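Have a look at the sequence and the fold first, then read on.

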Amino acid sequence: MSTRRTLLKGLGSAAGLGALGLSAALLPRAARTADADFRALVVVMLEGGLDGHHVLVPTDHGYGDYLASRGADLAVARSDLIDLPGQPAGRSFGMHRRLSPLRTLYQQGRLGFIANVGPLVRPVTAAAVRGGTAEVPAMLFSHRHQSGLVQGALDLGDSSGWGGRALEALPPTLRHDLAAIGLSPTVNQLLHGRRSNLALGGNGFSPWWSMADLRSADNRATQAYRRLAQTQSTNAIRGEYQRALSAALEDSAALTEPLVNGSEATGDFGNRDVGRQLQIAASLLPHLRQQGRRRQLVLASDGGYDHHRHQIGNLPEVFEQLGRALSAFDAAVRAAGLDNQVVTLVMSEFGRTLRHSGGRWDHEAGSDHGWGNHWWLMGGPVVGGTVHGPFPSLVLGGADDGDPDGAGVLVPTTSSDQVAAALVRWLGVHAEMLPEVFPDLVNFPTTPLPLLRA
Amino acid sequence: MRPIGPLTPASPSIRMSQAPALVRVARTRTLAGLLAGLGAALVLGGCGRTGGSDGETAVSATPSSGQVAAPPAVARVDFYAASRLAEQASFGPTPALVAAIQARGMAGWIDDQLDLPASQIDLTPFLVDPVPNMDWEDSKAAFPDLALRAPDQLRLRVAWVLSQWVTVNTGDALGMLVFQNLLVARSLDTFEQLLVDVSTNAHVGHTLDLVGNRPRTGGCAACAPNHNYARVLLEQFTLGTAELDANGQPVRDARGRPRPAYSERDVRELTRALTGWEFRAHPSGGQHLPRDWGNWREPMVASNWPGDRDFGAKQLLGVAVPAYQSAADELRQVIGILAAHPNTRWRLARHLIQGLVKDQPSPEYLQRVVSAYADNGKGVRGDLRALVRAVLLDPEARAGDDQARARPDDGRIRENFLVASAIYRAVGCQRVPRWEWGGPRLHQVPFHPPSPRGFVDSDDRTPVTHLNVPAQRALNASEFNQRSGMGTWLVDYWRTRPDTGSASAAGCNVDDMVARYQRSTAEYYAWLGDRFFRGSLPPALRQSLDQLIRIRHWDETVPVEPPVRLLSFALLWPNFGVIE
């Protein structure tokens, strides 16, 4: 069976050594030099359904629609919005003031929004969705399924995501075994390919396993663990366990060095787990470039966005910590000299209804599961300081509302596949390979979205 | 007030609980229960094993007679098979438990277990004001503590499996523990009764927004439908998202895409049907602990303000729900519709099999358990007791009792909590040891998943091989790193706090293990084999342990360190990581 371990295993056995800890040294000479051609895509998944209407709000005539649709109990007060500079497509916007570090990045042109993104099979109108005649993805509004859809799930029995498939579609010179790194404890489908697995997983890894330092291939305790991982089994479930154990050993040996040698990225990453994940990412990326690896995909996540209630009370503190984590990550990446080599996408499985959902009291207002949402991109290569794509009408039952009851369910005008396709093309996937990664992309205009500088 | 178990046969009609039914039950156990729970060393005289792989398992359907005398008709179960059932149906084998299964036979032991009254978490320490500092951590430890020592192991094991189906958000510790007690108490009732009681539980009503789910009415700005609970009920607790066919496989449309099991209209209609619930008011005077503002120990009641309720007729999954029913009647009706839907039985059957026996059941095994859901033999649908019996006593579940007959698809990945509980039970801990800061020494805490959707996704497929092995995704570098040190947690406590250490405070006793190691390696290996490997160590593991003993990468001056380091290593071995 082909796995992403093939390269390392082959090199390791050819040298008569366990590959542990020596993988960098065993890479081809051309790859060993710190290549300027290094690109990393970091995806931050906000789980639960981030309410984009709490992040990016029109401050022109659109604010009246917004306020009317949401009601005073759910709308972000005008005084809680900080104005964004410029007037993309003639519109004015503000963002939640607790995300203020991101406003700085927006102002610097390092952060750009993409309005009303979501999974689509083909372009559809809200009227067709309301009328039940539109072809739309199956099982929308379910956390699990829509999370799968924005990560590139193709079918119930297919565990691959667009990121893993894209890495498999890269030209051979850009591929390597440790390209997909999972730091989220809860999501990872995006990283899985059809033939390959992800590296690490979770954010509690280390090179020290009880008695063994896995970086040292001649440590006898390490050898005992490696023998353990190599025991053979005819049982399918034990086979899965073995594969996972073997991969965990190799990954922990090859990737954890910067987390324990004092070269960890510093900064105020906030107090949420996503901050720790981004700190690890900021520490690993320079190390991976140093090892001569040329493409990386990292998945991090944050939870707690499913606010059916108490949204106004609870989201601001979450935003505060998220803003810190993202801006600290951006600063760390720049400090490592990777300014033009790292792009971060922040996404969520769905947006939320404009209209509030029930709570016991007025101040408890929240929102229900929606569809289209505002995502954002961050980093040096990003065409920032703007809002990409048409900004939707925020009128209940209006031009962009796909809900027959007029609850304000935005029908996306930009497909999540279109956004992801622009990013994987930046990573180096050729246009003719895109249908492998995004089968539905053929239903959309072929021009890539202008999200990144060439 | 309805008593909790010993359970009567489930009634064919759905019962609606009128009262919380969550009083702490005095543990009046039958003698058979004593035998089942505590093992029967006194009757059995040790746990000899038959040695070979030819163990004959008893699958007698005779219910427990309640008599202590070992039934002569029951063929003796060998040590391997008894340990295997203990891994499937408890939180880890102990000598007494294995002996009890050997003595009673498999069906007898299972029936004894099913007859035991439900253990309940003692709520007394949580009925205080102000809330103590350790309240939250103590509440996290409550269910695991019960799991380590309670006699009704099978019921609690089923509750652990169901807690990953009926996933509920966290909230006030008291409310959460009341919910946990409810789940334990109803885990062998009918599935409909379980869902009715879950749906009226105050903690559920609060955290999944049933309270506050109201029709839009003029003059009440806050009044609005809240889809959260209706969606969770459809997607997680019953149907799932994809429509399943007569073989439990997803139905596909002409383009090959899975067909949804329900529509958004169904979500809206169910939301309407679930309007009108409110926390029960505290008794007259309204005096209550501040934390008990939701009156957590009492089920919710129908609100008597008409604006809280949508009285109109509804249509759920093609079934008419008449207008002007009471909230309770309508709840019973809609739960009945969901529980009767074929999707529910297929999903629940798979979930129970995967939680107890194997990740990859054959279609025939699934079908047999689905049939048990449809009818428990007495015309009752969704009898969880009958389901559990069907899952554990199915020929496919028992095939692996004889290693020569084991199937290549047998087994399930042992989740982190069951790794920890097996260690703690093996050294006799009476409760879960605590971390320095007071929390339970666990990395997977029941009822506290990292995502509201649970610890694993039951539909998940493995990368590359595309097998439905839900726990496989959890096996990443962080998880293995943590597992590699699990036994070592005990060491640190012995070393740093020999007298007051939390492990000894929790009643753990590693003296026996240490003494065996000091007497001889062979004796230590025998202990390891009996406790964790169904009687004997795999030869390759024995070789690796021999090598580790030669290199001695540990502090020899701490007597407990070598055996626990070796234990940590051994428990990464696939024969333990997978309950095969």
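How many helices and strands are there in chain B? Chain B has 26 helices and six strands, where helices (H or I, at least four residues) and strands (E, at least two) are DSSP runs numbered from the N terminus.

## Before we dig in

This is a predicted model, where local features need pLDDT of at least 70, side-chain atom pairs count only at pLDDT 80 or more, and totals for chains, interfaces and linings use all residues. Residues are numbered from 1 along each chain as its sequence is written, chains are lettered from A and ligands numbered from 1 in the order in which they are written, and side-chain values use heavy atoms, with hydrogens and water left out.

## Chain B

Of the 580 residues in chain B, 62% are buried (under 20% relative accessible area, 1.4 Å probe, protein chains only). Take the contacts (heavy atoms within 4.5 Å) in chain B with a separation of 6 or more: 72% of them are between residues 24 or more positions apart.

## Chain A

Over in chain A, you'll find 14 helices and 16 strands. Its radius of gyration (over C-alpha atoms) is 23 Å, close to the 22 Å from the globule rule (2.2 Å times the number of residues to the power 0.38) for 454 residues, so chain A is as compact as a globular protein of that length.

Along the principal axes, the C-alpha atoms of chain A fill a box of roughly 70 × 45 × 45 Å. Buried residues make up 62% of the 454 in chain A.

## A pocket with both chains in it

On a 1 Å grid over the protein atoms alone, a pocket is an open set of points with protein on both sides within 12 Å along at least five of seven lines, while a cavity is a set where a 1.4 Å probe fits but cannot get out; lining residues have an atom within 4 Å of a point.

## The largest cavity

The whole structure holds seven cavities of 30 Å³ or more, and the largest has a volume of about 160 Å³. Among the 17 residues lining the largest cavity, A:Asn197, A:Leu198, A:Leu200, B:Leu475 and B:Asn476 lie nearest its centre. Helix H9 (residues 236-255) of chain A gives the most to that lining, with four residues.

Conventions
Buried < 20%, exposed > 50% of the residue type's maximum accessible area, 1.4 Å probe, protein only. Points joined across faces, edges and corners; volume = space filled by probe spheres on them.
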